[in-house]
Amino acid sequence: MLTRELERLENVLDPWRDFDRLNSELFEMIYPARGEFPPMNMWKNEEKAMVSVEIPGVDPEGVEIEVSGEMLTLMFERKPEELKEGESYTRKERWYGQFSRTIELPFNVQADKVTAKFSKGVLFIELPRAEAEKPKKITVKVE
């Protein structure tokens with residue numbers, strides 16, 4: 001009860017508060033919060049790096065993967081859902097269009113041996129480490 005009274009008093013003292021809230025909500029509708037897209041995970045060991053990418057709703061045959069030096073670039077298109085006549089969105093949070101994302105790899109890879117597979121909306125990319133960059137064990141000779 002006291003909280004409501006304080007909020008009401010705060011609104012009276014700050015008439016721009018509701019305007020700011022409405023403005024913020026409108027801005028978020030027009031420009032939804034964007035993190036990096038698509039979300040990716042990457043892990044590595046001495047032999048390779050693995051990248052998983054969430055791209056549900058994307059035709060995997062249209063995905064382009066480029067490796068150059070220590071950079072991995074992924075390009076794809078997600079098409080909008082086709083609505084039937086008389087249907088309209090009441091909420092639309094999934095993005096569509098052309099997307100591209102480039103990430104730095106932890107080492108140079110053998111580009112000709114990169115493989116990728118797609119399962120349940122997740123793209124898995126295996127990037128073998130270049131032979132020249134693999135850690136070498138040096139045996140100490142005892143004299």
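A residue is called buried when its relative accessible area is under 20%, exposed when it is over 50%, and partly exposed in between (1.4 Å probe, protein chains only). By this criterion F99, at 14% relative accessibility, counts as buried, and F76 is likewise buried at 2%. The structure is a predicted model, in which local features need pLDDT of at least 70 and side-chain atom pairs count only at pLDDT 80 or more, whereas totals for chains, interfaces and linings use all residues. Residues are numbered from 1 along each chain as its sequence is written, and side-chain values use heavy atoms, with hydrogens and water left out.

Aromatic contacts were assigned to rings of Phe, Tyr and Trp (its six-membered ring) with centres within 6.5 Å; planes under 30 degrees apart count as stacked, over 60 as edge-to-face and the rest as tilted. Because F76 belongs to strand β4 (residues 71–78) and F99 to strand β5 (residues 97–104), the pair ties together parts that are 23 residues apart in sequence. Both residues also take part in one aromatic cluster, formed by F37, F76, W95 and F99.

Helices (H or I, at least four residues) and strands (E, at least two) are DSSP runs, numbered from the N terminus, and two strands pair if DSSP finds at least two bridges between them. Strands of a sheet pair through backbone hydrogen bonds, either parallel or antiparallel. Here, three strands form an open sheet in the order β3-β4-β5, with antiparallel pairing. Its edge strands, β3 (64–68) and β5, each pair on one side only. Eight bridges join β4 and β5 in the antiparallel sense; the bridge partner of M75 in β5 is S100.

Six salt bridges are present, each defined as a side-chain nitrogen of Lys or Arg within 4 Å of a carboxyl oxygen of Asp or Glu. One of them joins the side chains of K134 and E47 at 3.0 Å, N to O. K134 lies in the segment after β7 (122–128) and E47 in the loop between β1 (40–44) and β2 (48–54), so this pair ties together parts 87 residues apart in sequence. K134 is buried at 17% relative accessibility, while E47 is partly exposed at 44%. E47, E131 and K134 are linked in a network of salt bridges. A further salt bridge, between R91 and E93 (2.4 Å, N to O), involves two exposed residues.
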